[in-house]
Structures are given as C-alpha cells and as structure tokens.
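Please open the structure in your viewer and keep the selection tool at hand.

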Amino acid sequence: MKAALTTAWLVVLGTLPLWLDNPYFLHVIIVAGIFIIAAMSLNLLLGYAGQLSLGHVAFFGIGAYASALTSLGFKVTIFPQWVLTVEANPVWLAMLMGMVAAGLCGWFIGRIAFKVRGAYFVIVSISFAEVVRLIAVNWVELTQGPMALNNIPPLALGDLVFWKKPENYWLVLAVAVVAYILVRRLVHSRAGRAMVALAENEPLATSVGIDVTRYLVLATVVSAAMAGAAGALYAHYVRIVDPDVFLFIYTVTMVIMVVTGGKGTLAGPIVGGLIFGLLPEGLRALAFAPETQWIVYGVLMVLVVYFLPQGIVPALRRIRA
Amino acid sequence: MDQLLQHGLNALMLGGTYALLGIGLTLIFGIMKVVNFTHGELYAFGAYMMYALVMLTGVNFFVALPLAIALGVLLGAALELLLLRRLRGADIDTTMLVMIGAWIALQAAEQLAWTGVAKSINNPFPAAPLVVGAVSVAWNRVFVLVVALALIGLTYGLINHTKLGRAMRATFQDRETAALMGVQIGTIHTATFALGSGLAAAAGALLGPVFVAYPSMGDLAAAKAFAIVILGGMGSIPGATIGGFILALVEELGAGYISSGYRDAMGFALIIVILLFRPTGLFARKERIG
C-alpha cells in the first residue's frame, strides 16, 4: 500500500511537465521545489538537532553566489599587490563549489556558534546572515553589490543545456529526491539518533558519551551544503543573483514551511513547502496585495503554533492511528 | 582629534535612543523569557504615530510625542493579552515563532497602511546646528538625547522605587516564589510588555523626526536592540543602558574610519564577537545560558 502510494506520487511528480502545459505554473513549482530542498536542509537542524537557526538563508545565498561566481569567473584584489583571478568554469563544477562553500561556512559557524544555545544561538545565526548580506551589498568588486550578478549560465551536461522549464523541473526534482534520501539515511543512522538524543535531552545525551559539538557541527555542515545546493539551483535557474537572496524573510519562509509541515518528520518540509510555495500564487489569484499575503503568512504562522504545534504531518498521523 | 570628538558627540546623541530600545527588549526578555521579535515594529509604530499626529492631524510636536508613546504602550499591552497570555509556560522556541508571525503581520500591515514611500516628519527646532568649538550638533538631536535620558531615568525610578517595580524584580528573580508571595504574574507580564513596547515606541517617535519613517525601519532597530541586549547581558538594565552608548560609538567609529557601508554590520559583528568571548555579556553578574 505504502509502496504503491510512493510510486504513484513519483509517477505524478515525474511526468508533471508532460501534462501541465502552463510555463508560469511550472515556474512556480520549480521555485517551490528549490525552497523545499532548502526547507529539508533546515529541518535537519531545526527538527532533528533541535537548533532554531534563523540565519539559514545565509547558506542558501552563499551557495548561490559561490556557484554563480565560479561559473562566471571573477577577479578580486585581496591585498593591493595580490589579485585572485578565477576563470569561468563549467556549471556543474560551479554548483559543487557552491555546496562546498556553503558547507565550509556551516562548519565554521557550527564550530563557533554552538558555544551558546537557545535564544543566543538564534541571535548569532541571524547576525551571521545579516553580516553576509551586508558584505554582499558592499563588496562590489566581487559581488557587483546591488547591481547584481547577471547572465549566469544555466547548467549544461554535454549537449544538454538546461534552458527550458521542464528540464529545470526534472533537475530540481532529482536533487530533491537525492536530498530526501540523504536526510532519511542520515537521521536513521547512528549520527541521526545522536542528534535526536541531543535535541531531546542534552545533558542525558552527553552523559552516555555523545559528543555534542561533533554531531551538531556535522548536522550544520550537511544542512548548510544542502541549502547551498538549493541556492546554486536557484542561481542557475533564475540566472540573476543580488543581495536580496539573503533577506531574512526567506529564512522565515523556510521556518514556516518546516514548522507547518511538521519539524522532525521527513515529509513535513515537503508538505509545508508545497503549501507555502503555492499559497502566494493562490492569494494572488484572489487579487490579494503582496502586503495582505504577508499578513496571511504571519497570522497563519501564529495559528499553526497555537492549534497544530507539532505540524500537519504528525497531526494527520494521529488521525490515522 | 576634532574628528574623533565629533564622532564621540554623534554617538552620545544616538546612544540615548539605542539605550531605550535595549532596555525595553532586555526587560521583556528578563522578566517574561520572551525573545520579542515585534520590538522593531513597535519602534516603527512610534515613528508612524508621530507622522500621523504631527503631519496628518496637525497636533503640536510636544503633545504628539507623549501621545505616540502612550499608543505604543497600549499596542504592547494588546499584543501581550492577545498573543502571549495563553503561551505562558510554553518553551522559548514556541513563543519565538509566534512573535515572528506577529512581526511579519505587523510589518505588512504598516506597509499596507502607510505605503512603502518614506515619510518625513517636521520638527520645530531651528535648522542651524549648535556649534561648540570645533564640533557641532543639531538641536533636534540634543532634544532627542534629553528626552531619552529623562525616559531612562523614569524607567529606573519605576523599576527601583515603586510597588510595581518591586513585583517586576521579584518576578525576574524567581517567578514561582513571586507568585506564591501574591504577585499577579499575569499583570506583571502585561505591564512589562507594555512598558518595553512603550520604550521602543518612544525611540521610534524620537528618531522618526530625525530620519524618516518607512515600513521596514523596525528590522534594523530590532537587530540593534538585540546587539545591545547581548552586549549588556540579557535582563540587565544598566547593561542595556551602557550597551546602547557603546553600540552607538562602535557604529560611529566604524562608519567614520572603516566604511559607512558597514555601519550597520558593526552591531552584528559585535554580537558575534561578544558571544564568542563573553557569552554572558559585559555586565551581567549571573546568567544562565540555555
């Protein structure tokens, strides 16, 4: 039954561009898919390791910038006499660089930020994202600042260039499936159980010999690299990146997706991501102004915390049981 | 040297309002254990109320200021009763998510009500600055500093010399014991949130006429308030006061000697550095991290 359902879902998702003949709607789904990958990565930290990271968009943005810059090539003066020049690289390599750069930042942030917990960790993570955003605005030589990086090439594998929407849809779907499997394997492994134990009761977990920093840093690195991959997909799909990718509101969107869907569940970010990825379009169809849309977001978030504190997926599970 | 003096003076003028923002946030965190993400929106609310009163209805500037602050107090009380009352005892992540939701909704409502165009607010002070030797300062900034210092003084008086203030301090030290001694925790929470919100609104009402009012102005203000609170130690009012002036000084020097583009990054960089080397803040005596 369950296997049949999964297969049916995969068939529906896999053939979507073949029967959905609406480029705009496909675009909405691609962007929602990219955010679902980002939400899955956040879920690893927020849901499983129990750390509310409100700077998650930094990893997404670093992935986008690193990938875009590697594919375009850049020249930057680090000291007055020392100039670093990077030639344009193939896009698949650039995307890999985006993931590596985001993962490295995750390692660095994980090493320093987990000295503190709770409200302090939240504020450190927000501060990190803001500092990165301001660097993206001000380091014009590297990032073009508010002028944005333009003409970012799309992914090319041999003769296949990902110009059109259906190819990009399949690309995002493939990455999402890989990310899903990765998260599932990780949380069911020894490391994943250690993370959950830390989230549930840190002193107890430490007392049975779980190395707190090691597992939290591991969670952050994997999560950051995955968010970086989402950012790289975004950069080469929309083909323009400006400092607005670091806006706090994107972190909030990811958090809403995870919390609404159900943090600490595998399906949660997907359910939440579909709702909040497609909701703006629904609201726009009802001729709502963007401000009204954000009001709806905010109110929904409050209502979810009040009435579905565990999220939709665990609530459905309870109904079925 | 003159340049340094001028930077110091500018920081002094700005530090008063920063301290107001920080004290409001630190009170709410210390007493209620709530990370208040709506703090910046109350700041923006104060500025917009000044705009509505002074520019739209023509109320006298000096009457509008206390009115705007009073409206901020009322909005804070309403938020506490509506959103936080039923979450008392919930863990900090839950209240944080609710406050983020409230923040998004409030900011979007501001944008809807006032549009995205920045609004400037007239002030009755002479445009010519006050010149003292080699340095100069605008009159309206002097007024801002004086009012901010007066409000800080009032808050100290309220906390240290009134019955309500004693109940607040008792709740801060030990909520359960305070409740056993007959302190109405619910009332204390509403009063705390209203007071903290009023201070944020006051900062906005004071700085709105100096700069301009725009819908996302609260984000940066909230971020600065967080930096100040971390600098001074969560829950420490003297810490927040001194922290406000320190942040203003760091920003001024950073903008003056490094690059004005990184002015607003200074606060965040300060947060990261403080939390790495002295996570309890500079002034807190005892603090639990968690």
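The stops below visit one helix in each chain and then the contact between the chains. The model is predicted, which should be kept in mind at every stop.

**First stop: a helix of chain A.** Select residues 248-261 of chain A, which form helix H11. This helix has 14 residues and reaches 20 Å from its first C-alpha to its last, close to the 20 Å expected at 1.5 Å a residue. Because 11 of these 14 residues are buried, H11(A) is largely enclosed by the rest of the structure. Among the buried residues are A:Thr251, A:Met254, A:Ile256 and A:Gly261. Now select A:Gly262, which follows the helix and has a positive phi, near 130°.

**Second stop: a helix of chain B.** Select residues 217-232 of chain B to display helix H9. With 16 residues, H9(B) reaches 23 Å from its first C-alpha to its last, close to the 22 Å expected at 1.5 Å a residue. H9(B) is mostly covered, with 15 of its 16 residues buried. The residue after H9(B) is B:Gly233, and its phi is positive, near 95°.

**Third stop: the contact.** How many residues does the contact take from chain B and from chain A? Chain B gives 34 residues and chain A gives 32. On the side of chain B that touches chain A, select helix H4 (92-114), H9 and helix H11 (263-277), each of which supplies at least two residues. H4(B) provides the largest share of that side, 15 residues. By residue type, the side of chain B that touches chain A comprises 26 nonpolar, 6 polar and 2 charged residues.

Note on methods:
Residues are numbered from 1 along each chain as its sequence is written. Chains are lettered from A and ligands numbered from 1 in the order in which they are written. This is a predicted model: local features need pLDDT of at least 70, side-chain atom pairs count only at pLDDT 80 or more; totals for chains, interfaces and linings use all residues. Helices (H or I, at least four residues) and strands (E, at least two) are DSSP runs, numbered from the N terminus. The expected span of a helix is 1.5 Å times one less than its number of residues. A residue is buried if 20 or more other C-beta atoms lie within 10 Å of its own, exposed if 12 or fewer, and partly exposed in between; C-beta atoms are placed from the backbone. Two residues are in contact if their C-beta atoms, placed from the backbone, lie within 7 Å. Ala, Val, Leu, Ile, Met, Phe, Trp, Tyr, Cys and Pro count as nonpolar, Asp, Glu, Lys and Arg as charged, and the others, Gly among them, as polar.
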